[in-house]
Amino acid sequence: MRFVLVVYIALLSIWILPRQVWMDQLGRVSLLSGILFVMLGLGADSAPPLVQPRTPPPAMMGLPNLPVSLEGYSYLIMKLGPLKFTRKDLSVASTAACLTFTIFQSASLCLATTTPEQLAFALRWFMLPLRCIGVPVAEITLTLFLSLRFINLVFDEVRERSVD
């Protein structure tokens with residue numbers, strides 16, 4: 001399901017955004033997610049345990065060893081020297097990489113397709129019930145609006161500096 005969501009958001013970005021924008025964004029977000037996947041995949045379960053197991057092996061207690069699985073299940077997927085890639089690593093790495101891609105790219109899509117005024121109005125509408133308990137809704141909404149208004153200027157300056 002995670003991968004389907006990532007593919008859906010990528011296709012939506014390609015469909016909605018101009019070619020130069022989606023190629024740049026998808027490339028950077030994919031690179032970040034890929035690096036995160038590799039680092040977590042090779043690092044989540046690779047560190048050797050620092051403590052010894054407290055239970056003695058079954059042979060010392062007079063119990064037979066557990067039989068080998070008939071289906072060939074293996075917790076270890078791949079081994080590269082001291083680094084191991086296990087099923088737990090695959091789960092952790094894919095979850096983190098997919099969530100990172102989804103968060104960054106969906107936020108980018110939201111900012112690219114919705115005006116700052118509409119985002120501020122939506123936040124204000126959702127936060128209105130919090131006025132009853134003293135939350136400064138107007139100040140929070142104004143802060144968000146000003147941030148969204150000037151974030152494009154910051155991005156344009158960064159793009160111009162990177163081109164020079």
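How many helices and strands are there in the protein? In this predicted model, the protein contains five helices and two strands. From the N terminus on, these elements are arranged in the order α-α-β-β-α-α-α. The protein has 164 residues, of which 20% count as buried. When contacts between residues at least 6 apart in sequence are considered, 68% join residues at least 24 apart.

Two helix pairs were examined. Two packed helices are described by the angle between their axes and the distance between the axes. In the pair formed by helix 2 (residues 19–43) and helix 3 (residues 87–113), the axes come within 8 Å and cross at roughly 160 degrees. Angles over 145 degrees count as roughly antiparallel, and helix 2 and helix 3 are therefore roughly antiparallel to each other. The crossing of helix 2 past helix 3 is right-handed. On the side of helix 2, the contact is made by Gln25, Leu26, Val29, Ser30, Leu32, Ser33, Leu36, Phe37, Leu40 and Gly41. Helix 3 contributes Asp89, Leu90, Val92, Ala93, Ser94, Ala96, Ala97, Thr100, Phe101, Phe104, Gln105 and Ser108. Divided by class, the residues of this contact are 13 nonpolar, eight polar and one charged.

Phe37 lies in helix 2 and is one of the residues through which helix 2 meets helix 3. With its neighbours within four places in sequence left aside, Phe37 is in contact with Phe85, Leu90, Ala93, Ser94 and Ala97. The relative accessible area of Phe37 is 27%, and the residue is partly exposed. Phe37 and Ser91 are separated by 54 residues in sequence, while their C-alpha atoms are 9.9 Å apart in space.

The other pair consists of helix 4 (residues 116–127) and helix 5 (residues 137–163), which pack at an angle of about 160 degrees with their axes 9 Å apart. By the angle, helix 4 and helix 5 are therefore roughly antiparallel to each other. Their crossing is right-handed. The residues of helix 4 that make the contact are Pro116, Glu117, Leu119, Ala120, Leu123, Arg124 and Met127. Those of helix 5 are Val137, Ile140, Thr141, Leu144, Phe145, Leu148 and Arg149. By class, the contact of helix 4 with helix 5 has 10 nonpolar, one polar and three charged residues.

Terms used. Residues numbered from 1 in each chain as written. Predicted model: local features only at pLDDT ≥ 70, side-chain atom pairs only at ≥ 80, totals over all residues. Heavy atoms only, no water. Axes fitted to C-alpha atoms, helices over the stretch in contact; angles between N-to-C directions. Helix = DSSP H or I, 4+ residues; strand = E, 2+ residues; numbered from the N terminus. Parallel < 35°, antiparallel > 145°, perpendicular 65-115°, else oblique. Left-handed = near helix turned anticlockwise from the far one by under 90°. Contact = heavy atoms within 4.5 Å. Nonpolar A, V, L, I, M, F, W, Y, C, P; charged D, E, K, R; others polar. Buried < 20%, exposed > 50% of the residue type's maximum accessible area, 1.4 Å probe, protein only.
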